[in-house]
Amino acid sequence: GSILSFPGVTAPSTPAAGFGTLYAVTLQGHTQRNYLAEGGTVIRISRDQILIVRNNSGSLITQGSVLNINGSSGQVPTVRLADADVIGPPQALAVGFAIEDIANNGFGLMIISGLIENLDTSGSSEGDLVYVSQTAGGFTSTAPSVPAFIQAIGIVTRSHATQGSIEIDIVPPVAVILDMSPIMTRVVLGI
């Protein structure tokens, strides 16, 4: 058999269109394997789970937006902005974050597990849970108010205005449903 060896190097330059680069770096005495995509996005192999998605939301989806899947285009999931104010699935149910800007009707990358970086997490502290926001595509460290969908989506690992990060841990939402006959409230876990 053959062996592919990755010596620890500094991050290479962004590859040309249609190409990607595999490389390794040493971090705190451990080797980390990475894939550098043509747009400059770094994917940590064995840590990040990435999906190719298509934006059919009607507008640009920006890097760091919280997304949900609303259908498919061939074998590629289509996405739009998740929104805790939209009571019930499917729009309230978050499944990942855009790791790059995705043009309307364009294809891009969504991370569903791992660490998303280069976010503005300055409004949160390290260790805070983050939730789907009541602003479409956003996240917040304050759980939304009833009757909004409440869905934890990760934990802040770095609080910073431009280099913040969130460890993604998407859990089923808590839907609070008000039944007005005879004014009874019930909490439903999941969907």
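Reader: Which residue stands opposite Leu129 in S11?
Author: Ile155 stands opposite Leu129. S9 and S11 pair antiparallel over 3 bridges. Two strands count as paired if DSSP finds at least two bridges between them. Strands are DSSP runs of E with at least two residues, helices are runs of H or I with at least four, and both are numbered from the N terminus.

Reader: Before I go on, what am I looking at?
Author: This is a predicted model, where local features need pLDDT of at least 70, side-chain atom pairs count only at pLDDT 80 or more, and totals for chains, interfaces and linings use all residues. Residues are numbered from 1 along each chain as its sequence is written, and side-chain values use heavy atoms, with hydrogens and water left out.

Reader: OK. How many helices and strands in the protein?
Author: 0 helices and 14 strands.

Reader: And what share of the residues is buried?
Author: Of 191 residues, 36% count as buried. Buried means under 20% relative accessible area, exposed means over 50%, and partly exposed is in between, with a 1.4 Å probe and protein chains only.

Reader: How many of the contacts come from residues 24 or more positions apart?
Author: They make up 50% of the contacts with a separation of 6 or more. Contact means heavy atoms within 4.5 Å.

Reader: Back to S11. How many residues are in the hairpin link to S12?
Author: The hairpin joins S11 to S12 through 5 residues. The two strands pair antiparallel over 4 bridges. Val156 stands opposite Ile166 in S12.

Reader: What does S8 pair with on the S12 side, and over how many bridges?
Author: S8 and S12 run antiparallel, joined by 4 bridges. Leu119 stands opposite Gly164 in S12.

Reader: How many bridges link S4 to S8?
Author: 6 bridges, and the strands run antiparallel. Ile50 has Ile111 in S8 as its bridge partner. S7 is also joined to S8, by 2 bridges, again antiparallel. There, Ala98 stands opposite Met110 in S8.

Reader: New topic. Which residues have the most contacts inside the largest nonpolar core?
Author: Val66, Phe97, Ile116, Val132, Ile153 and Ile166, in a core of 18 residues. A nonpolar core is a set of buried Ala, Val, Leu, Ile, Met, Phe, Trp, Tyr and Cys residues joined through side-chain atoms within 4.5 Å.

Reader: Which elements give two or more residues to it?
Author: Strands S8 (107–119), S9 (129–132), S11 (152–158) and S12 (164–168). S8 gives the most, with 4 residues.

Reader: What does Phe97 contact, neighbours within four places aside?
Author: Its contacts include Val66, Leu109, Ile116, Phe139, Ile153 and Ile166.

Reader: Is Thr121 buried or exposed?
Author: Thr121 is buried, at 1% relative accessible area. Thr121 lies in the loop between S8 and S9. Leaving out residues up to four places away in sequence, Thr121 touches Phe139, Val156, Arg158, Ser159, His160, Gly164, Ser165 and Ile166.

Reader: And Ser59, where is it found?
Author: Ser59 is in the loop between S4 and S5 (66–73). Ser59 is partly exposed, with a relative accessible area of 39%. Beyond neighbours within four places in sequence, Ser59 contacts Ile102 and Asn104.

Reader: What is the strand order in the open sheet of 3 strands?
Author: S1-S2-S3, with antiparallel pairing. S1 (21–27) and S3 (42–44) stand at the edges with a single partner strand each, so one side of each is left without a neighbour in the sheet.

Reader: Which residue in S3 partners Tyr35?
Author: Ile43 is the bridge partner of Tyr35. S2 (residues 30–36) and S3 pair antiparallel over 3 bridges.

Reader: Last one. Which residues lie nearest the centre of the largest pocket?
Author: Thr41, Val42, Ile99, Glu117 and Asn118, out of 14 lining residues. S8 gives the most to that lining, with 5 residues. On a 1 Å grid over the protein atoms alone, a pocket is an open set of points where a 1.4 Å probe fits, with protein on both sides within 12 Å along at least five of seven lines, and lining residues have an atom within 4 Å of a point.
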